[in-house]
Amino acid sequence: MSTARRQHLPQGASPATRPDTDPPLPERVDPLRAVIFDVDGTLADTERDGHRVAFNEAFEAAGLHYRWDVEEYGELLTITGGRRRIEHYLQSSGHSPTEAAALTVQLHRDKTHRFAALVRTGAIQSRPGAAELISALRTEGVATAVATTGTDDWVLPLLDMLFGLDAFDVVVTGSDVTDLKPHPAVYLETLVRLHLTPADAVAVEDSANGVQAAVSAGLRCVAVVNEYTRDQDLSGAVAVLDDLARPDGVSVLRGDPQWAEGLTVAALRRLVAGGA
Ligand code: XBP
Ligand code: MG
């Protein structure tokens, strides 16, 4: 069960360092209190050469002839949650609901184990600019959180490998909620654990399901697309970019041209303050 790394305290307010005789801290004036990141496709390109490979290895290990090629997997990605994705596929491949349910548990457990092993080899890299943005946000006292559909057995090792788990105040995964994206549950739980309202934060997503989940939770959402999500309906996002950040700037596929600077603390702060 992924738990809050630590509840986010207002800037400088930490029980360990502030005797209660000090005057109360001035209320933070920073409108940007938190940024909530999706994982798959947003913080890291995990799907085509990661999850898809692990699913196929699990099929092979179970003696099943199924193999998801790049194109077919892109279509299956519209079903969030690896367990639900497998079960849907097995039933559409002729397995009875009972047989599909039993096979799914075995296959998804094995797939998760295989993907976590792949993560530990260092084969999965973060997207350009992700680590720098997270570090810059934390330096400015902005809380950072994760809200993902993925299973915590691989999410936590991946976040630790790429950023260090201390880079996040809160991590909520598909293991923590019943309803998966596009349901807003994972974002609502993240806001609860951050003790924040949707107006205080921005979500960063890559897919239609993810944008819909964030917007349904009342959050403003910026989309950073990838090869699987570029053509999806991301109309709920305030802007659609082709990457988080790049030295020469990013392409603004939709939204205020100011986003060409990429996802910077200043750009995200402008958004929450009612700007771009
Ligand atoms: C993407 C998903 C996940 C992954 C596979 O999650 O839908 O299901 O594809 O991971 P997000 P699991 O974009 O919300 O991070 O097999 O662990 O579900
Ligand atoms: Mg995603």
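Glutamate 261 is partly exposed, with a relative accessible area of 36%. Here buried means under 20% relative accessible area, exposed means over 50%, and partly exposed lies in between (1.4 Å probe, protein chains only). The partner of glutamate 261 is arginine 270: their side chains meet in a salt bridge, 3.3 Å from N to O. A salt bridge needs a side-chain nitrogen of Lys or Arg within 4 Å of a carboxyl oxygen of Asp or Glu. Arginine 270 is partly exposed too, at 26%.

This is a predicted model: local features need pLDDT of at least 70, side-chain atom pairs count only at pLDDT 80 or more, and totals for chains, interfaces and linings use all residues. Residues are numbered from 1 along each chain as its sequence is written, chains are lettered from A and ligands numbered from 1 in the order in which they are written, and side-chain values use heavy atoms, with hydrogens and water left out.

Start with the overall layout. The chain is divided into domain 1 (34-45 + 125-272) and domain 2 (48-121). These bounds come from an automatic or database domain assignment. The C-alpha centres of the two domains lie 25 Å apart.

Now look at where the domains meet. On domain 1, 13 residues are in contact with 18 residues of domain 2. Contact means heavy atoms within 4.5 Å. The size of an interface is often given as the accessible area lost when the parts come together. Domain 1 and domain 2 bury about 1300 Å² between them, and 63% of it is on carbon and sulfur atoms. That buried area is the accessible area (1.4 Å probe) that two parts lose on being put together, summed over both.

The side chains of glutamate 227 and arginine 48 meet in a salt bridge of 3.3 Å, N to O. On the side of domain 1 that touches domain 2, helix α6 (residues 152-162) gives the most, with five residues. Helices (H or I, at least four residues) and strands (E, at least two) are DSSP runs, numbered from the N terminus.

Next, find histidine 51 in helix α1 (residues 47-61). Histidine 51 counts as buried because its relative accessibility is 3%. Leaving out residues up to four places away in sequence, histidine 51 touches Asp40, Thr46, Tyr73, Lys111, Phe115 and Trp154.

Turn to aspartate 243, in the loop between β6 (239-241) and β7 (252-254). Aspartate 243 has 10% relative accessibility, so it counts as buried. From asparagine 226, aspartate 243 is 17 residues away in sequence and 8.0 Å away in space, C-alpha to C-alpha. Its side chain is joined to that of arginine 127 by a polar contact of 3.0 Å. A polar contact of 3.4 Å links the side chains of aspartate 243 and arginine 246.

Helix α8 (residues 208-216) comes next. Its buried residues are Asn209, Gly210, Val211, Ala213 and Ala214. Their cover includes α7 (185-194), β4 (201-205) and β5 (220-224). After α8 comes glycine 218, with a positive phi near 95°.

Finally, return to the salt bridges. The count comes to 15. One of them joins arginine 114 to aspartate 110, with the closest N and O atoms 2.8 Å apart. Both residues lie in helix α4 (residues 97-120), four residues apart, about one turn of the helix. Arginine 114 is partly exposed at 28%, and aspartate 110 is partly exposed at 22%. In helix α7, glutamate 189 and arginine 193 are likewise four residues apart, about one turn of the helix. Their side chains meet in a salt bridge of 2.7 Å, N to O. Glutamate 189 counts as partly exposed at 26% relative accessibility, whereas arginine 193 counts as buried at 12%.

How values were computed
Polar contact = N/O pair within 3.5 Å; in protein donor to acceptor, adjacent residues only side chain to side chain.
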